[in-house]
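Student: I should like to learn how to read a structure of this kind. May we go through one together?

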Amino acid sequence: MRGFGAFAISFTLLFIVWFNQYKFFRRYGLQDNLTVCLNAVLLFVVLFYVYPLKFLFTLLISLFTGGHGQVRLPAASQD
């Protein structure tokens, strides 16, 4: 549960982008295959940028809550 705050902030950013797209496409009736594919590509790019923000927000939340400001990545399995 330590990273929940950072995950919640990242999810909120993604949800805001998705919801604004949803309203735009509903308003103008853009539901053809090309538009759906371009929308999927845009959401992929947004996810590509939002996921690393989770680590930034983890660091910031750690600093504001009195932590040492260290972000630990999961260790790779060593066979």
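This is a predicted model: local features need pLDDT of at least 70, side-chain atom pairs count only at pLDDT 80 or more; totals for chains, interfaces and linings use all residues.

Tutor: Residues are numbered from 1 along each chain as its sequence is written, and side-chain values use heavy atoms, with hydrogens and water left out.

Student: How many helices and strands does the protein chain have?

Tutor: Helices (H or I, at least four residues) and strands (E, at least two) are DSSP runs, numbered from the N terminus. In the protein chain there are 2 helices and 0 strands.

Student: What span should helix 1 have, and how far apart are its end C-alpha atoms?

Tutor: The expected span of a helix is 1.5 Å times one less than its number of residues. Helix 1 covers residues 4–28, so its 25 residues should span 36 Å; the end C-alpha atoms are 36 Å apart, which agrees. Just after helix 1, Gly 29 has a positive phi of about 65 degrees.

Student: Which residues of helix 1 are buried?

Tutor: A residue is buried under 20% relative accessible area, exposed over 50%, and partly exposed in between (1.4 Å probe, protein chains only). In helix 1 the buried residues are Ala 6, Ser 10, Gln 21 and Phe 25. Their cover includes helix 2 (33–64). Across the protein chain, buried residues make up 13% of the 79 residues.

Student: What does Ala 6 touch, leaving out residues up to four places away in sequence?

Tutor: Contact means heavy atoms within 4.5 Å. Ala 6 is counted as buried because its relative accessible area is 2%. Not counting residues up to four places away in sequence, Ala 6 touches Lys 54, Phe 57, Thr 58 and Ile 61. The C-alpha atoms of Ala 6 and Leu 59 are separated by 8.6 Å, although these residues are 53 residues apart along the chain.

Student: Why is Gln 21 called buried, and which residues does Gln 21 touch?

Tutor: Gln 21 has a relative accessible area of 11%, so it is buried. With residues up to four places away in sequence not counted, Gln 21 touches Asn 39, Leu 42 and Leu 43.

Student: Where does Thr 35 lie?

Tutor: Thr 35 lies in helix 2. Thr 35 is buried because its relative accessible area is 15%. Its contacts, not counting residues up to four places away in sequence, are Phe 25 and Leu 30.
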